[in-house]
Amino acid sequence: MKKTTLRKAVGPVSLAWVMLLAACGDSDPQKMLASARQYLDANDHPAAIIQLKNALQEAPDLGEARLLLGKALLLNGDAAGAETELQKARELGHPPETVTPLLVRSRLAQGQFQQVTNEFANTDLADPAAQAELKTLVAIAWRQQGNSAAFEAGLQAALKAKTDHAPALIEQARFKAAQRDFDGALAVLDGVLARRPKDEEALKLKGDVLLYGQADPAQALAAYRAAVQARPDFQDAQAGVVRVLMGQGDLDQAAKAWDALAQFAPGRPQTLYLQTQLAFQKKDFKAAQASAQQLLKLTPDSPTALEMAGAAAFQLNAMAQAEAMLLRAVQAAPQLKIARRVLVLTYLRTGQVDKALSALPSDLATNDSDPALLAVAGQAYMVKGEAERAEQLFSRASRLAPKDAAMRTSLAVSQLMAGKTELAMDALQDIAATDAGVMADMALINAHLRKRDIDKALIAIAALEKKRATDPMPVHLRGRALLMRNDQAGARAAFERAQSIDPEYFAATAALAALDVVDGKPQEAQKRFEAAVQRNPKNAPALMALAELKLGAGGSKDEVADLIRKAVDAAPTDKAPRLMLAEHYLRQHDAKNALSTAQAAVAARPDAPELLDALGRAQTANGEHNQALSSFNKMVGLLPGSPLPYVRMATAHSANQDSPAAMQSLRRALEIQPDLLSAQRGLADLAVKANQPSEALAVSRTVQKQRPKDAVGFVLEGDIHAAGKNWGLAADAYRAGLKVAAGPELVIKLHAALSMGGKAGDAERLAADWLKNKPKDPAVPLYLGDRAIAARQWTDAQRHYERVIERQPKNALALNNLAWVAGRLGRTDAVALAERANEAAPNQPAFMDTLAVLLSEKGEHARALALQKKVLEAQPQAPVFKLNLARMQIKAGDKAAARTLLNELAALGETFSGQAEVKELQQDL
């Protein structure tokens, strides 16, 4: 039995290995060297390596053995080991014509492109063939560094040395293909193949050009197969065969071709990648996930490996895994189309609509390279409720890919330029993860909703619900449609059903919370978000929504900030909570915390222009104008086609008292978007301040031409005249604007211009006519009330504010101002009115100040002081609020505390206009 086992064990040993074992007994280095040459000729690189190492043990200074070992190691994939041996061969004096090209190849394989050009760009070899090879390799190093001119010069030098040097010609063809000269590339390759019909590199590149450049998969397949026939272990050509067959839908033949590749390269990244793609096309998502996980083990940081694994997780409804992997993929390689697309779909499937929108690329408005992404973006805006924006995106997607937007792919020219089929440059086939087939349904629903044809929209939604029975999104769309019909009960039922399909579908939770707020039940809305956070403490959208509710309900600055910080901790790579925290501090005028928050945000997400914008504004708020300009300049790189960075630069320049630079920045913004109103207004304001009214007026006339049906140009013209106190011309401009588009802003401005121009009667008639014709408008009565307060005409002010409150009982500004007037008139309901204002708009320092003053006047000192101290906590540097607190302290008998505050105010000098009252109060003390 033992003898039989021994025979079976010996039987499979190859003849080559028997010869090798026999040769190991011979210690003659020259014989071992000769044996190694035979193995190299037979492409048996491992056997050659063993023989060469044995020879070098006997004769370490054998230069040819070092050379051949370097060559064998290079062919076996060990570029670093090859470099070491080839460097030794060179030091031993081996002829440069043989060692130098191999040494350069080893360095190229390790990505040492700059080292190659630094050391070998000016090296010349005596042998023409070696010279041609060296110059070709150096040209490749230049290409990898992005130096096209040096690359072309290198190729010319190679072809000068040897006019028919195939590698140089192949690189020349590759360059032509990268320039989209596909016919020229094919002509060069055909010339190479006429002389060398079995040149596998030329055949493989010809396949690439035919497939990606000329969309001829049949001829590409023939070229790839010819390359494989010329060299059966040529993995890139084998992979090309697999890709073409998958693209043609011939999955059985593709599987056979993949099996052939796997024989030569089992477990290699490219092999696993194609295996994953093949599983996707077969809709075997579990198999796709398994091979994608194997791929991730080999290349854990590979963006494309993360893309495939994330897409598989999405198809298997493992949304948390999908989100994590796809987000990493997009952050590492923003150009990955499928990763970004499926990430947006993942957010939509989980109801995180705001995250879906933030995951869209910043150049979405101008980039038409991916129609399928435009379709997905249309879905996101549709779920958000922005039907017009959604329709624009659907229309662009359909126009770009009328047959099938979800399956269209684009040529990655950089693939050809790179000279190899790297995973990161692979032209991905559009897999099922892109939700093919839903775009048409969504576009149809959106079109009906835009026309407000709710019945037809609901029919289309029902069809989508059948297609996607386990997806909460169609049911959520039903809720949105019913809201447009003002059927709140039906909408609530739909949102609740969407939530029952998936309790973590956040869009439904947010919609139900919004209905709670509309119903006057903000506590119920808060409970919903708190429950979502309790189920998942890292639910960043719920934490952010809870923060917004707390802010609206009068929560303190720190309480709101704490909730947003928890959202940042829950999603550290998500830009939305970081931006929200920075914006929160900016709104609270907390420049120091805004700056530190924005700095941390940009450090975490340097690719997010929104965060750079927040950082620049925070730096401006802190007086760091040069740093702000640096941040806004970085924004230009991220948003090259946007005027926003230049508008922000203008703000920083203005804060730094550099009006000419600010004007120049605004002009740059207008070069990009000539009708950008914010830039036009800013430019006009700066021209007025620079005493250049003619330039300012020229801007206003441009606006009028660009917006002939809008009064904004006339408002701008009137404001320019008003700044120069040319009241008659200002009034003329405002009247012209009223003829184009009547609105309260123009009425208010015209009333002010007439009053300042000595035409009080005309102003009164204007106001009376407007109030008669527009009885529901709150803006003009509010303005008239404010004017009456300024004139101490308390009864008139009372009449105007009551007019507003009659129509808008929760108008906080009107309630606050009426409370103040009521206090001056001695009305007993003054405090009650102020309390109503604070209920309507809680945590507003100005409204709290009014209530505190009225309480103090009423003798409720303890309550007044406590409230006014909260006012100063919110705005500690506001001198008016300090003065009011000092008055309250005097009335409450706390003269020592009042004296301290009055001394602080006196120290402000002329920067505080209330110094006369400060001095009077100090004297009374």
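**Close-up 1. Contact residues of helices α17 and α18 in the predicted model.** From α17, the residues Pro 269, Leu 272, Tyr 273, Gln 275, Thr 276, Ala 279 and Phe 280 take part. They meet Phe 285, Ala 287, Ala 288, Ser 291, Ala 292, Gln 294, Leu 295 and Leu 298 of α18. Sorted by class, this contact holds 11 nonpolar and four polar residues, and no charged residues.

**Close-up 2. Crossing of helices α17 and α18.** Helix α17 covers residues 269-281, and helix α18 covers residues 285-298. Their axes come within 8 Å. The crossing angle is roughly 160 degrees. Angles over 145 degrees count as roughly antiparallel, so α17 and α18 are roughly antiparallel to each other. Their crossing is left-handed.

Close-up 3. Ser 665 has a relative accessibility of 7%. Buried means under 20%, so Ser 665 counts as buried. Leaving aside residues up to four places away in sequence, Ser 665 touches Tyr 646, Met 649, Ala 650 and His 653.

Close-up 4. Confidence is highest in helix α48 (residues 812-825), at a mean of 96. It is lowest in helix α25 (residues 413-418), at a mean of 32. Over residues 403-436 the pLDDT is below 50, and this stretch has 92 contacts in the model beyond near neighbours in sequence. Residues 1-25 also have a pLDDT below 50, with 12 contacts beyond near neighbours in sequence. Where pLDDT is low, the predicted coordinates should not be read in detail.

Notes. Residues numbered from 1 in each chain as written. Predicted model: local features only at pLDDT ≥ 70, side-chain atom pairs only at ≥ 80, totals over all residues. Heavy atoms only, no water. Axes fitted to C-alpha atoms, helices over the stretch in contact; angles between N-to-C directions. Helix = DSSP H or I, 4+ residues; strand = E, 2+ residues; numbered from the N terminus. Parallel < 35°, antiparallel > 145°, perpendicular 65-115°, else oblique. Left-handed = near helix turned anticlockwise from the far one by under 90°. Contact = heavy atoms within 4.5 Å. Nonpolar A, V, L, I, M, F, W, Y, C, P; charged D, E, K, R; others polar. Buried < 20%, exposed > 50% of the residue type's maximum accessible area, 1.4 Å probe, protein only. pLDDT = per-residue confidence, 0-100.
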